[in-house]
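Here is a short report for a reader who meets this structure for the first time. Please look over the sequence and the model before reading on.

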Amino acid sequence: MTSSRSTERLALAAAGVTVVLWASAFVSIRSAGAAYSPGALALGRLLSGAFVLVAVLLVRREGLPSRAAWPGIAVSGLLWFGAYMVALNWGEQEVDAGTAAMVVNIGPVLIALLGARFLGEKLPPRLLAGMAVSFAGAVAVGLSMSGEGHASVLGVALCLLAAVAYAGGVVAQKPALAHGSALQITTFGCLVGAVACLPFAWQLVDEAARAPLSATLNMVYLGVFPTALAFTTWAYALARTTAGRMGATTYAVPALVVVMAWMFLGELPGLLTLAGGALCLAGVAVSRSRPKPPSKAPADGAETTTTV
């Protein structure tokens, strides 16, 4: 029992580290995106993260994961480390960091759906109700941004695409963790994503030569902390719980992003955007809530007492 509780605490702490670092990533992407194009920023981030992860892997001498882990590594690497990062980087050039975090945060609902379909996780009626609420929130966010032109609608669409890639990557990663450590799965997923982004190599070289130091440092920060560290702590926690429950830990990301974006970027989403984001969060909260267990009736002949 003590060991189980200790493991739960460690997993919760790991998830907490992930949430804080991923929230900071939305702000750093917004800042670095002023100097780097979406693909170049994704590749630079992945290369920085891969460098740290491979170094740690070699020091720990963990080697390669088993063959059974590679399908999940390949899919999560392409979807989550590759497509997700490019789509999110592009989306954040069209919308503010807080809005991007809110829209991407419908991912937990998608994770629960895909987890039910491919991992055999339960699909309770409350999930369907939560999906409806979250969809309404996503529509509200889209409408709130549409007044600024087509580019903002495009940004919301890109963030939705990022959410789909994120969900698919998480569900693909979950079974892989049964055949390799969190560090192994994260390292090789990051390498797969970096290889997929190699077509942006020339853009990265050209833009790095002209980018201000602050933008390049933001890119390196994204690779070392929100990628190398946060994806590893995520994988550690995911290996010890369900995909749906891990998705629920990201509910705090939009609130943290709004605070960080206000502090460091001076930007705050409008009221309708905040209301839509709140609906997104309410929907995913409803989808992962649990009904109260029915109270047990007293056994025949047992006395009942009432305290007044």
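In which helix is F264 found? F264 belongs to helix α12, which covers residues 253–264, where helices are DSSP runs of H or I with at least four residues, strands are runs of E with at least two, and both are numbered from the N terminus. The model is predicted, so that local features need pLDDT of at least 70 and side-chain atom pairs count only at pLDDT 80 or more, while totals for chains, interfaces and linings use all residues. Residues are numbered from 1 along each chain as its sequence is written, and side-chain values use heavy atoms, with hydrogens and water left out.

The protein has 13 helices and zero strands. Of its 308 residues, 49% count as buried, a term for under 20% relative accessible area, whereas exposed means over 50% and partly exposed lies in between, with a 1.4 Å probe and protein chains only. F264 counts as exposed because its relative accessibility is 61%.

Among the aromatic residues, W22, W80, F81, Y84, Y166, F231 and W234 are linked into a cluster by ring pairs, which are rings of Phe, Tyr and Trp (its six-membered ring) with centres within 6.5 Å.

| Charged residue | Ring | Distance to ring centre |
|---|---|---|
| R117 | F118 | 5.1 Å |
| R240 | Y236 | 3.7 Å |

Key:
Phe/Tyr/Trp six-rings, centres within 6.5 Å; stacked < 30°, edge-to-face > 60°. Lys NZ or Arg CZ within 6 Å of the ring centre and 35° of its normal.
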